[in-house]
Amino acid sequence: MATNENLPPNVIRQLAKELKNLDESPPEGIKVIVNDDDFTTIFADIEGPAGTPYENGVFRMKLLLSRYFPQSPPKGFFLTKIFHPNIATSGEICVNTLKKDWNPSLGLRHVLLVVRCLLIEPFPESALNEQAGKLLLENYEEYARHARLYTGIHALKPKNKTKSGTISESTTALNVDQSNIAVSKNTPLGPAALATSTANKALGTNLQDQNAAPSDPALGASAVPKKDGLHAVKVPVEKKKIDARKKSLKRL
């Protein structure tokens, strides 16, 4: 298995710098998988560009660097099956940047961007997949149908991009709290809870009525009726009725 020992120290330093930059500031739609122990094999996940038959798919590829890199270009392969004129059924990638147009000053970022651009603009004239190249030239709709079919079956699904760390945790906690509030508002109360709630409401209303009873200084304390006062008024009335009945009986 190839390791960093196969590369000159200056190349290792340059690759380490490039890979760190790609990891911290990845190109749009491209995620590089870094292996610090082996820079000779570089993996990357490429998102299918919007508006192409490869949309909503993620395709894994690899670049193989020989001991003569960067004097000789890396070799590119798709590990995910894809229907594309410039990608062979074996996964080999055919693009001029990795062949006759190679320049040692070109970096890994440029190579990966060129590969992703192939998914936007294929070159059927230099096809490795003859069926795909022929369909692209003669019947684009049929070519796109095949490419979408391969994408749906073989490509990985893109992951949703979410924020991490404290912000994400705070948002989750906030969502949970809001969910609990919504449930408490929409969930019907059981009989016991309903009775308690009704009693509390009634008690609260009575207390409010008592506290809000008007007091007129001109009328004094008698303006506010009290339960004890009403009971004291009723007793003399009942006594008068009993005395009247006794007088009637004496007359008989």
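**Close-up views of a predicted model**

**Figure 1. Asn-56 lies in the loop between β2 (41-47) and β3.** The model shown here and in the other views is predicted. Asn-56 is not a glycine, yet its phi is positive, at about 65°. Most residues other than glycine have a negative phi. With a relative accessible area of 53%, Asn-56 counts as exposed, because the cut-off for that class is over 50%.

**Figure 2. A cis peptide bond joins Phe-69 to Pro-70.** The omega of this bond is near 10°. Pro-70 sits in the loop that runs between β3 (58-64) and β4 (75-78). Most peptide bonds are trans.

**Figure 3. Helix α1 (residues 9-24) crosses helix α2 (residues 108-120) at roughly 50°.** The two axes come within 9 Å. On the α1 side the contact is made by Leu-15, Glu-18, Leu-19, Asn-21 and Leu-22. Helix α2 contributes Leu-108, Arg-109 and Leu-112. Sorted by class, this contact of α1 with α2 has five nonpolar, one polar and two charged residues.

**Figure 4. Helix α3 (residues 130-138) and helix α4 (residues 140-154) have axes that cross at roughly 140°.** These axes come within 6 Å. An angle over 145 degrees would count as roughly antiparallel, so α3 and α4 are classed as oblique to each other. From α3, the residues in contact are Gln-131, Ala-132, Leu-135, Leu-136 and Glu-138. Their partners on α4 are Tyr-140, Glu-142, Tyr-143 and His-146. The contact of α3 with α4 comprises five nonpolar, two polar and two charged residues.

**Figure 5. The second largest pocket holds about 180 Å³ of space.** Its lining consists of 14 residues. Those that lie nearest the centre of the pocket are Lys-81, Ile-82, Ala-88, Thr-89 and Tyr-150. By class, the lining has seven nonpolar, six polar and one charged residues. One of the residues nearest the centre, Tyr-150, falls within the residue range of helix α4 (residues 140-154). Rolling a probe the size of a water molecule over the atoms shows where empty space is left.

Definitions and conventions
Residues are numbered from 1 along each chain as its sequence is written. This is a predicted model: local features need pLDDT of at least 70, side-chain atom pairs count only at pLDDT 80 or more; totals for chains, interfaces and linings use all residues. Side-chain values use heavy atoms; hydrogens and water are left out. Axes are lines fitted to C-alpha atoms, for helices over the stretch in contact, and angles run from 0 to 180 degrees between N-to-C directions. Helices (H or I, at least four residues) and strands (E, at least two) are DSSP runs, numbered from the N terminus. Angles under 35 degrees count as roughly parallel, over 145 as roughly antiparallel, 65 to 115 as roughly perpendicular and the rest as oblique. Contact means heavy atoms within 4.5 Å. Ala, Val, Leu, Ile, Met, Phe, Trp, Tyr, Cys and Pro count as nonpolar, Asp, Glu, Lys and Arg as charged, and the others, Gly among them, as polar. On a 1 Å grid over the protein atoms alone, a cavity is a set of points where a 1.4 Å probe fits but cannot get out, and a pocket is an open set with protein on both sides within 12 Å along at least five of seven lines; lining residues have an atom within 4 Å of a point. Grid points are joined across faces, edges and corners, and a volume is the space filled by probe spheres set on the points. Buried means under 20% relative accessible area, exposed over 50%, partly exposed in between (1.4 Å probe, protein chains only).
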